[in-house]
Amino acid sequence: MFGGHSAVPFSTPSRRAAFSILGASVVAGLTACTAAESSTPALTPSGAAGSTEVPGPNGALAVGGEIPTSSASQAPTPTATKRIRKTFIPDYQLPPIVGGLAPVITKIETQHPVVFLTIDDGNIKTPESIKLMAEYDYPASLFLTKDTVADNPAFFNAFKAQGSLIENHTVTHNINMVRQWGYQQQANDMVGMQEYAFQHYGRRPTLFRPPGGAYSNVMRKAVADAGMKAIVTWEAKANAGKMDYQVGNSLRPGDIVLMHFRAEFAADLAAFRAAQLAAGLEVVLLEDFLGVA
Ligand SMILES: [Zn+2]
């Protein structure tokens with residue numbers, strides 16, 4: 001699984017994943033970003049099993065010991081060693097932009113025991129969420145919306161310092177943007193967040209998550225034109241204190257998991273952690289795996 005240092009940064013690209021490269025407008029199967037889902041905040045202490053015995057990085061029962069890595073592919077950033085604890089060769093390659101359209105990713109086809117955590121919006125900002133992410137040592141892709149973080153953008157610096165990255169979830173979070181807006185309005189709502197992220201977090205996002213999950217070819221073009229590499233949806237989500245799966249009833253290698261900065265953050269993260277440990281997966285930063293950090 002996890003090899004030692006290698007001169008080969010990426011193995012042969014695997015294009016088996018069923019990306020909807022040619023698809024037209026698609027609506028993701030699971031709802032996202034709907035406030036109605038958070039009707040009963042279930043704030044529980046960090047009661048997930050296994051929070052003390054930690055055999056491997058962020059608790060995963062991974063093989064081999066921890067190996068501080070120097071990224072084999074790109075120039076290591078100061079946080080690279082924090083995000084990826086083991087040296088391994090990503091066995092997946094992000095599809096390129098074709099015909100001006102950014103690819104859409106729901107799941108990563110990989111043989112590695114990895115799972116990707118993504119956290120959206122940014123409405124509820126609690127010290128507890130910072131503490132828990134640090135305790136579990138999880139890196140995550142944070143798809144933030146300008147309008148929901150603008151009251152306290154500095155809050156997210158703590159996650160960034162832990163190895164997470166800020167990505168693009170638009171300025172206004174219009175969940176009907178695919179239906180209501182043409183190219184230019186969509187592009188404006190993306191570019192505004194690109195610039196906001198750069199201004200506050202020092203990096204222009206490379207990944208885009210559509211508010212609500214719906215996307216179209218118009219959106220895919222706007223994403224590519226805004227300088228981003230892919231639209232990222234999800235395969236499973238932690239919501240209302242439990243896991244919801246689009247396929248099966250457990251996490252699988254390469255799954256992209258959706259969470260939100262909500263009042264029930266602790267309960268959602270506990271549900272994710274239990275599932276992650278049960279599946280023996282390591283939480284790895286999606287951007288590192290895709291080479292778009
Ligand atoms: Zn959202």
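1. Which residue just after H8 takes a positive phi? Gly280 does, with a phi of about 65°. Helices here are DSSP runs of H or I with at least four residues, and strands are runs of E with at least two, numbered from the N terminus.

2. The model is predicted: local features need pLDDT of at least 70 and side-chain atom pairs count only at pLDDT 80 or more, while totals for chains, interfaces and linings use all residues. Residues are numbered from 1 along each chain as its sequence is written.

3. Helix H2 (residues 127-136) packs with helix H8 (residues 265-279) at an angle of about 20°, the axes being 10 Å apart. Axes are lines fitted to C-alpha atoms, for helices over the stretch in contact, and angles run from 0 to 180 degrees between N-to-C directions. H2 and H8 are therefore roughly parallel to each other (an angle under 35 degrees).

4. Glu128, Ser129, Leu132 and Tyr136 in H2 meet Phe265, Ala266, Leu269 and Arg273 in H8 (contact requires C-beta atoms, placed from the backbone, within 7 Å).

5. Twelve of the 15 residues of H8 are buried (20 or more other C-beta atoms within 10 Å of a residue's own). Among them are Phe265, Asp268, Phe272 and Gln276. The buried residues of H8 pack against H2 and several strands, including E2 (114-121) and E9 (256-260).

Terms used: Parallel < 35°, antiparallel > 145°, perpendicular 65-115°, else oblique. Contact = placed C-beta atoms within 7 Å.
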